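Dear colleague,

Please find below the structure that I am handing over to you. My findings follow directly after it.

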Amino acid sequence: MHDNRDKIRLGLPPSGSPPVPQSKIEELVVAILPAEMERVEREMAGKKLEERALPSTYTILQLLKSFSGFNKWMGEAARGGTVEKFTAQLEDLLEHVPRKNAVAFVDNVAVRSTLLYQRGKRYAFEKEFKKAVKDFDEAFDLVEDVRGVGEPDHDEIKKGISDAMEKEDYARLLEWAGMCRHLRYDLKGAMVCYERCSELEPDNPELLVKKAGVKLDGSQHSDAEKLFADALALNPSASDALLHRANLRMLQQRVADAESDLQTCIKLYPNNLLARLRLATVYMAKEDIDGAKRMLEQAAEYDPDSSEVHCYRGELHFTRGEFEEAKGEFEKAMKCDQSNPTPYVNSALAVINTPPTGGAMVPNFAEAVTLLEKAIQVDPMYHAAYVQLGQMKLSMATDLTKAKEVIDLYDRGLEYCRTPEELKDICSMRILTMAQIDAAHALHMETLNMQ
């Protein structure tokens with residue numbers, strides 16, 4: 001009994017037959033899970049779009065960099081003017097132009113929308129993504145004449161506003177509005193914006209790639225495949241189409257096809273860091289360690305201070321059981337970019353897999369917990385951190401109060417779930433944790449450990 005108590009305290013499985021078979025526990029979770037997921041989904045659906053959390057700055061930046069037009073809009077934003085300039089111009093506009101004076105009203109809204117779009121783009125350039133999204137949302141609501149819905153002149157005013165804007169500004173505003181919705185996992189809203197932009201620019205392959213990304217997140221793989229094919233038909237050298245289609249093909253376990261897309265991308269764009277990093281992951285999936293090392297070495301030549309390069313190098317060491325070397329690379333990745341959550345989680349895994357030294361009986365769980373908490377701090381949407389941290393904290397809980405903190409952690413994680421798979425994972429773990437706590441209460445136990 002005491003042996004089992006110590007094993008459970010350390011997060012190790014107890015010896016002997018469990019009092020409840022694993023199959024029964026799984027049946028319990030399966031029975032409860034649908035209602036629990038429905039409850040959480042209902043709460044999430046009740047949130048307004050502007051209340052939904054954005055991904056971390058690091059995640060957004062990585063996504064934006066993956067598209068072909070990144071350097072173009074960044075250059076435009078750098079040259080276009082400062083936030084202060086656009087703010088001053090917005091403040092100079094009349095606040096309230098009577099709607100009955102249609103021409104003046106339309107012109108005022110068109111100018112305001114354009115300035116908000118331009119300021120939003122500048123905010124994005126400065127990595128102030130919350131402020132950027134706020135401006136893009138406000139500009140989109142203005143061109144949609146949201147406040148005028150139900151008015152007899154709504155359609156006329158809405159058309160007048162879009163006609164009064166520069167075609168390029170209007171198209172890019174629709175594109176950014178789509179991106180802002182996609183970032184908050186409003187897939188339907190994102191697709192509406194991208195479709196309308198595509199109507200203005202039917203030969204724009206980047207829009208097709210972004211639409212494919214929405215379909216991909218919605219698990220509509222065949223639709224995504226067709227959109228990638230359409231984008232490459234318009235531009236066979238579209239790097240973003242090749243890059244993102246490789247992701248789809250990895251999900252489909254079409255490893256050879258993913259490898260082909262990435263190799264084509266690198267041949268066309270030798271300095272494309274993302275393509276080299278993703279090709280390294282393909283080689284790792286094939287257990288081609290030499291190929292992965294070669295690709296990471298080439299990536300390092302283009303960007304020696306890349307956090308991702310060190311992170312992937314650490315993962316290579318990890319797969320070979322070289323945990324100290326892996327941890328060293330993950331620490332370098334953290335120093336290169338403290339906003340990248342992945343090396344914190346990976347380093348935590350390296351810590352708990354490192355054999356204890358100096359007379360210690362168990363790995364340094366406290367250090368691993370600190371690293372996982374840091375990962376969530378820099379990226380509250382980092383699903384893997386909640387999974388690992390919850391399991392670790394529950395195994396270390398010394399009383400039911402500590403165990404209940406794991407429920408709070410899972411509740412926080414549920415607020416940031418983006419996909420049904422993530423939601424299912426955390427809901428399942430929450431159910432199991434609640435069951436253990438309820439059982440401990442019923443048995444008048446003060447801890448989850450065997451007494």
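The lining of the largest pocket comprises 24 nonpolar, 13 polar and eight charged residues. Please note that the model is a predicted one. The space inside this largest pocket amounts to about 1,700 Å³. Of the 45 residues that line the pocket, Thr59, Leu63, Asp217, Asn247 and Arg278 are the closest to its centre.

Which helices supply at least two residues each to the lining of the largest pocket? They are H3 (57-65), H9 (167-183), H11 (205-217), H12 (221-234), H13 (239-251), H15 (273-285) and H17 (307-319). The largest share belongs to H15, which provides seven residues of the lining.

Helix H15 also takes part in a helix pair. The axes of H15 and H16 (residues 289-302) come within 8 Å and cross at roughly 165 degrees. An angle over 145 degrees counts as roughly antiparallel, and H15 is therefore roughly antiparallel to H16. The crossing in which H15 passes H16 is left-handed. On the H15 side, the contact is made by Leu273, Arg276, Leu277, Leu279, Ala280, Tyr283 and Met284. These residues meet Gly291, Ala292, Arg294, Met295, Leu296, Gln298, Ala299 and Tyr302 in H16. Sorted by class, the residues of this contact between H15 and H16 are eleven nonpolar, two polar and two charged.

H6 passes H8 in a crossing that is right-handed. In H6, the residues Ala102, Phe105, Val106, Val109 and Ala110 meet Ile157, Gly160, Ile161 and Ala164 in H8. The contact of H6 with H8 is made up of eight nonpolar residues, one polar residue and no charged residue.

How many cavities of 30 Å³ or more does a search of the whole structure find? The search finds two.

The largest cavity holds about 50 Å³ of space. Its lining consists of Ile60, Leu64, Ala124, Phe129, Ala132, Val133, Phe136, Trp176, Met179, Cys180 and Leu183. Two or more of these lining residues come from each of H3, H7 (129-143) and H9. H3 and H9 are also among the helices that supply at least two residues each to the lining of the largest pocket. The lining of the largest cavity divides into eleven nonpolar residues, with no polar and no charged ones.

The second largest cavity has a volume of about 30 Å³. The residues that line this cavity are Pro380, Met381, His383, Tyr386, Gly413, Tyr416, Cys417, Glu422 and Ile426. The elements that give two or more residues to this lining are H21 (383-396) and H23 (420-442). By class, the lining of the second largest cavity has six nonpolar, two polar and one charged residue.

Yours sincerely,

A colleague

Notes. Residues numbered from 1 in each chain as written. Predicted model: local features only at pLDDT ≥ 70, side-chain atom pairs only at ≥ 80, totals over all residues. Heavy atoms only, no water. Left-handed = near helix turned anticlockwise from the far one by under 90°. Helix = DSSP H or I, 4+ residues; strand = E, 2+ residues; numbered from the N terminus. Contact = heavy atoms within 4.5 Å. Nonpolar A, V, L, I, M, F, W, Y, C, P; charged D, E, K, R; others polar. 1 Å grid on protein atoms, 1.4 Å probe; cavity = no way out; pocket = protein on both sides within 12 Å on 5 of 7 lines; lining within 4 Å. Points joined across faces, edges and corners; volume = space filled by probe spheres on them. Axes fitted to C-alpha atoms, helices over the stretch in contact; angles between N-to-C directions. Parallel < 35°, antiparallel > 145°, perpendicular 65-115°, else oblique.
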